[in-house]
Amino acid sequence: MTSLRRRLLLGSATDITAILLVIVALFAILDFEAFFTSANLINILINASLLIVMAVGATFVLITGGVDLSVGSVLVFSGVIAGKVMIAMGPQGWAASIVGIVVSMLAGAAWGVVNGLVITKMRVPPLITTLGSFGAAMGLAQIITDGNDLKDVPNELIDTLGVGRFLGLPWLVWVALVVALIGGLFLALTRYGRRTYAIGSNAEAARRAGINVDRHLISVYAIAGLLSGLAGIMSYAQFGSTTLSGHGTDNLSVIAAVVIGGTSLFGGVGTMFGTLVGTMIPAVLANGLVIVGLNSFWRDFAVGVVLVAAVYLDQLRRRSRTKR
Amino acid sequence: MRTYKWMAAATAVLSLTALTACGGNDDTAAGGDKTGGFKIALIPGVANDAYYGSVACGVQAAAKASGSTVDVQAPKSFSPTDQIPILQAVVAKKPDVIIIAPTDSKALYAPLKQATAQGIKVVLVDTTLEDSSLAEAEVTSDNIEAGKTAAAKLLELLGDKAGSVLTVNLSAGVTTTDDRFKGFAEGLKANSKIKDLGQQYSNNSVQTASSIVSATVASNPDLIGIFSTAAFNTEGAVAALRQAKDDRVTIVGFDANPPGVKQIQDGEVAAQVVLKPYDEGVAAGEQAINALTGKEVTKKITTGAVVATKDNLDSPEVQKYLYSFTCPAA
């Protein structure tokens, strides 16, 4: 692998990958038998899969210099809409399952388009726009369900996406990895990806270079919404419940993961591989700390430390670059 | 520059090492003997809740008798999305038994099934599953009965006054608090002079509870009683009445958390219905040990409630059941 290709693939994620490996090694040393089993490692992946799917979308958003706080609420909203549609269809069977998946993704994408339109056409900053839709999507989900979690999921959906496995790996993990792979290739190799970086580096320059910045931003937020919708149906299938109260802090977890993975909050910089690593660190910590007998609250503390350290590394890199 | 960079990385890793190192004292003393020294894992519904603190005390007391150890791991919110990852990590450690308060009657089924498939026994405490057949035993509180108790106490406190009564409830779909309201509404029918205004949901927010009560005080001049089904609601109701400088209204609350106890002492709340989490914990622990030692297991156990007022607050019968993280001396 040449150093150029290596930079392209890993980018700034080398340090953080090392941190992840050290954390894994540490837990493996402390309690090999419980931690380092395939069953447990797969559990960690399952628990990271929803966040990975949302983090892929958030990586695009953050690279444009924006932010999306609405992901967890859009996840719940999409699950609720899909759940209502599937219940109306009888709630069992393959047809209902597939329609549910499609409806969930469309519902998520719709929120994404709304976010994008408000940000580009109405000129409301992304932080405020998505904070608004964070509240609005959750509110609508509560109104539609009257605050009661929906619990009718087609058995076909539970047996496949929810708990089923393919070639030894759970479907949830396959979906997350495939989404990350496609997202990564899109970001690194296509014109769409290059435009995303360009807008994040300097939106005005991108506009003058003839890129339709507004249309591009709308599509980026639509992708983030679509992926939240996908995560919504994954969550519904996994938990068998719309988990209305379970995703309130997903947005912060997702942003932390993406930033730990080396994506800059100022836009223009980031890789999908870094995002993957950044999502795995909190997931490994959450699992490993319980296994070694520490309260899982230490995860919040540890993730906080890693987050600040990651941004500090990013700052150091920027400074050394400008010096050169 | 490079040194700084590595120093930052090293600091992050080191702090983790320090964290994990102090938790690494996993005693593997539990042997294969079948009479004691079991590894019990307790997973409450949510952390930092004195109610579950008392459950843990009860489990610990029951575990002590057989020389078993209890490892408590609580999710940070009352939600399956937080609880299931913790459950799975606990399963990986292979304890002898898991005592859990499921945060969702359905979502926890599959992960718990995986636990039993590995030979780990499961006991449900406080909340339960739609299909609880996988559990050795389930210990719950009778919340309908507790709601009736609350109604009886409020009617007793109101005497022969006439007026309307409001219930401030948590959120729709929470079975325990829904049952409390159900029992309360039924109990309230005993006095025809009392008009039941029904329930309003606070969604577990102090502020919402407070604004519900202020609005009701303003719109119903004959409001004389409030039943609050959970601690946050009581705090909100007390705050609203304090602001309205209204002393016509009698509050009966639920749960004896430390703030709830203080509300009784200060006379802001006339009575608190107190469940018996300590008894729940003891019963769950005992049934877990019974299941492990092959003794007879009681599949279903319900624990009752007591009412705490200013008069009986210091009696040992009530003191024993006040929710607390510090366990009573056994």
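1. In this predicted model, the end C-alpha atoms of residues 40-296 of chain B lie 18 Å apart, and the span is 47% helix and 21% strand. UniProt, in an unreviewed entry, places the feature "domain: Periplasmic binding protein" at these residues of chain B.

2. The domain assignment divides chain B into domain 1, made of 35-135 + 277-303, and domain 2, which covers 143-275. Taken over C-alpha atoms, the centres of domain 1 of chain B and domain 2 of chain B are separated by 31 Å.

3. Over all chains the structure holds one disulfide, and this bond joins B:Cys57 to B:Cys327 with an S to S distance of 2.1 Å. The pair links distant parts of the chain, 270 residues apart, with B:Cys57 in helix 2 (residues 50-64) of chain B and B:Cys327 in the segment after helix 11 (316-319) of chain B. The angle about the S-S bond is -85 degrees, and the link of B:Cys57 and B:Cys327 is left-handed.

4. Strand 10 (residues 271-275) of chain B is mostly covered, with five of its five residues buried. In a regular strand the side chains alternate between the two faces of the sheet.

5. Strand 10 of chain B has pairing partners of both senses to consider. Strand 9 (residues 250-254) of chain B runs parallel to strand 10 of chain B and is joined to it by three bridges, with B:Gly253 standing opposite B:Gln272. Strand 12 (residues 305-309) of chain B pairs with strand 10 of chain B in the antiparallel sense over five bridges, and there B:Ala271 stands opposite B:Thr309.

6. In chain A, helix 5 (residues 71-88) has 18 residues and should span 26 Å at 1.5 Å a residue, which agrees with its end C-alpha atoms being 26 Å apart. Helix 5 of chain A is mostly covered, 13 of its 18 residues being buried, and the helix is followed by A:Gly90, whose phi is positive, near 120 degrees.

How values were computed:
Residues numbered from 1 in each chain as written. Chains lettered and ligands numbered in written order. Predicted model: local features only at pLDDT ≥ 70, side-chain atom pairs only at ≥ 80, totals over all residues. Heavy atoms only, no water. UniProt positions renumbered as here; feature names shortened; annotations may be inferred. Helix = DSSP H or I, 4+ residues; strand = E, 2+ residues; numbered from the N terminus. Disulfide = S-S within 2.5 Å. Domains from an automatic or database assignment. Expected span 1.5 Å × (residues − 1). Buried < 20%, exposed > 50% of the residue type's maximum accessible area, 1.4 Å probe, protein only. Pairing = 2+ DSSP bridges.
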